[in-house]
Amino acid sequence: MAATMMKNSPPKARKPRTAGRPAGGGGLTKQRIAEEALAQIDEFGLGAFSMREVAARLDVYPATVHWHVSTREALLAEVAALVMAEVAPPPGRLGWKDWIAELFRRCRAAVRRHPNVAQLLGAQLVSNGSLPMELVEGILATLADAGFEDEALLEAYNCVVAAMLGFLTMEFSPLPADNTQAWAEELRERVHTIRPLDHPVLTRNLAQLANKAFILRWDNGTTVPLDSSFERHIQITIDGLDAFARRLRSA
């Protein structure tokens with residue numbers, strides 16, 4: 001009888017599956033994933049970055065990584081935010097010129113620690129996906145203190161960001177992935193065999209420019225940093241902003 005009752009009993013209803021965190025990686029966080037992604041980019045470069053490899057390094061399934069950061073672009077945005085997290089100087093301690101100079105130096109220091117991220121910060125809009133609001137607010141507040149407002153504030157802000165990231169994007173441009181040594185030797189030879197009659201100013205200054213001037217380099221800033229040029233770049237940018245501000249006041 002008991003066997004008959006068991007046989008005729010309706011099957012037990014299965015508990016419906018619900019969307020949620022995949023099994024494994026219980027202690028994983030978005031920041032930990034971003035840190036591992038940054039480590040991968042540091043080691044192999046931006047082009048070789050993949051979410052699957054990040055998951056493998058964290059010893060979890062790719063679905064676990066995707067549960068925290070839905071797309072590759074979203075993860076790259078988190079990487080950019082991680083690098084830029086401590087770039088903005090504290091507010092209220094420096095005059096506007098010193099604040100801008102310190103901002104540039106702190107940003108360059110961050111990129112020198114992670115040079116493969118330079119192209120992400122300066123040349124890919126995906127880095128805007130995790131907006132560094134403190135950085136934006138800090139730059140805007142500093143420029144407002146300098147007297148910029150309305151459209152002039154927008155123009156000065158764009159100038160600061162472009163000057164800061166543009167220099168670093170070029171200074172830390174990645175070397176070719178293949179035949180790096182052969183490429184460098186070919187470019188070095190080409191630079192040193194420029195014809196004086198065709199390019200007299202370039203030839204006269206070649207000793208100063210070779211491998212230290214943009215376009216004429218075969219090493220990037222990781223091995224040949226452009227320290228002096230960067231400091232001059234800061235001063236020229238600030239002088240330009242100052243002249244712009246004075247022109248606005250006298251208008």
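Which residues gather in a patch of negative charge on the surface? In this predicted model, the patch consists of Glu 149, Asp 150, Glu 151 and Glu 155. Glu 155 is found in helix H9, which covers residues 150-171. Its relative accessible area is 38%, so Glu 155 is partly exposed.

The overall fold is helical. The protein chain contains 13 helices and zero strands. Read along the sequence, the pattern is α-α-α-α-α-α-α-α-α-α-α-α-α. The protein chain has 251 residues, and buried residues make up 37% of them. Contacts between residues at least 6 apart in sequence were also examined. Of these, 68% join residues at least 24 apart. The accessible surface of the protein chain comes to about 15700 Å². Carbon and sulfur atoms account for 54% of that surface.

Salt bridges were then counted. The total comes to eleven. Several of them connect helix H6 (residues 96-113) with helix H13 (residues 227-250), including the pair Lys 97 and Asp 242. The side chains of Lys 97 and Asp 242 meet with an N to O distance of 3.2 Å. Lys 97 lies in helix H6 and Asp 242 in helix H13, 145 residues apart, so the pair links distant parts of the chain. Glu 231 is partly exposed, with a relative accessible area of 32%. Arg 105 is partly exposed as well, at 38%.

Asp 227 and Arg 108 form a further salt bridge, at 2.8 Å from N to O. Asp 227 belongs to helix H13 and Arg 108 to helix H6. The two residues are 119 apart, and the pair links distant parts of the chain. Asp 227 counts as partly exposed at 38% relative accessibility. Arg 108 counts as buried, because its 8% relative accessibility falls under the 20% limit.

Salt bridges also form a network. Arg 32, Glu 36, Glu 43, Glu 53 and Arg 57 are linked in this way.

Backbone geometry was considered next. Asn 179 has a positive phi of about 50° although it is not a glycine. Asn 179 is found in the loop between H9 and helix H10 (180-192). With 62% relative accessibility, Asn 179 counts as exposed. Asn 211 also has a positive phi, near 65°, in a residue other than glycine. Asn 211 lies in the loop between helix H12 (206-209) and H13. In contrast to the exposed Asn 179, Asn 211 is buried, with a relative accessible area of 11%.

Conventions
Residues numbered from 1 in each chain as written. Predicted model: local features only at pLDDT ≥ 70, side-chain atom pairs only at ≥ 80, totals over all residues. Heavy atoms only, no water. Patch = residues over 30% accessible without salt bridge, like charges linked within 9 Å, V, L, I, M, F, W, Y side chains within 5 Å. Areas by Shrake-Rupley, 256 points an atom, 1.4 Å probe, with all protein chains shown as cover. Salt bridge = Lys/Arg side-chain N within 4 Å of Asp/Glu carboxyl O. Lys, Arg positive; Asp, Glu negative; His and termini not counted. Charge placed at Lys NZ, Arg CZ, Asp CG, Glu CD. Helix = DSSP H or I, 4+ residues; strand = E, 2+ residues; numbered from the N terminus. Buried < 20%, exposed > 50% of the residue type's maximum accessible area, 1.4 Å probe, protein only. Contact = heavy atoms within 4.5 Å.
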